Amino acid sequence: MAPQTGGEKKFKPLTKKQQQFFLKLLLDERKRVLKELGQWDETLSNTQQGADGDLSSYSFHMADQGTDAMEREKAFLFASKEGRYLWHVNQALRRLYKSPDTFGQCQHCDGEIAFERLEALPHARYCKDCKQREEDAKK
Ligand SMILES: [Zn+2]
């Protein structure tokens, strides 16, 4: 990896304990927002398993699962502020499940996202410096 400048700190993978901590934090957030949205069931992560048992539509959806399913989920969720937040929480959960060793790493500078920042915003993808730069660029 190329040397980086501007990161808060060099990234070290979180410990198993810390990963568990954020997993619980994210799942709690997810539950809370789902409740707010009135979506108690798991329809968002299991959109294809319709109760009608329609196999043709099932296999159709199986074929384009992945990014497409994610796009639909995104379109649905982005319709509201809570939904947008939920989407970010879901993404963070995906990252945590898929690559726990890079969770907490800034996706811009590869530096470490401060623990306190992650604690307040477990779905954060950027360290404070990079986030600040992004916000400044929007002005
Ligand atoms: Zn950064």
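In which hand, left or right, does H1 cross H4? Keep that in mind while we walk through this predicted model.

1. **The overall picture.** The protein has 6 helices and 0 strands, and its pattern along the sequence reads α-α-α-α-α-α. Of the 139 residues, 19% are buried. If you take the contacts between residues at least 6 apart in sequence, 62% of them join residues at least 24 apart.

2. **How H1 meets H4.** Two packed helices are described by the angle between their axes and the distance between the axes. Here H1 (residues 16–37) and H4 (residues 81–98) pack at about 150°, and their axes are 10 Å apart. An angle over 145° counts as roughly antiparallel, so H1 is roughly antiparallel to H4. As for the opening question, H1 passes H4 in a left-handed crossing.

3. **Who makes the contact.** On the H1 side, the contact residues are Gln19, Phe22, Leu23, Leu26, Glu29, Arg30, Val33, Leu34, Glu36 and Leu37. H4 contributes Glu82, Gly83, Tyr85, Leu86, Val89, Asn90, Ala92, Leu93 and Leu96. Sorted by kind, the residues of this contact are 12 nonpolar, 3 polar and 4 charged.

4. **A closer look at H4.**

5. **Cys127, a loop residue.** Find Cys127 in the loop between helix H5 (115–120) and helix H6 (128–138). Is Cys127 buried or exposed? Cys127 counts as buried because it has 27 C-beta neighbours inside 10 Å, and the cut-off for buried is 20 or more. Cys127 and Gln105 are 22 residues apart in sequence, while their C-alpha atoms are 7.8 Å apart in space.

6. **Asp110, one to inspect.** Most residues other than glycine have a negative phi. Asp110 is not a glycine, yet its phi is positive, near 65°. You will find Asp110 in the loop between H4 and H5. With 17 other C-beta atoms within 10 Å, Asp110 is partly exposed.

Notes
Residues numbered from 1 in each chain as written. Predicted model: local features only at pLDDT ≥ 70, side-chain atom pairs only at ≥ 80, totals over all residues. Axes fitted to C-alpha atoms, helices over the stretch in contact; angles between N-to-C directions. Helix = DSSP H or I, 4+ residues; strand = E, 2+ residues; numbered from the N terminus. Parallel < 35°, antiparallel > 145°, perpendicular 65-115°, else oblique. Left-handed = near helix turned anticlockwise from the far one by under 90°. Contact = placed C-beta atoms within 7 Å. Nonpolar A, V, L, I, M, F, W, Y, C, P; charged D, E, K, R; others polar. Buried ≥ 20, exposed ≤ 12 C-beta atoms within 10 Å, placed from the backbone.
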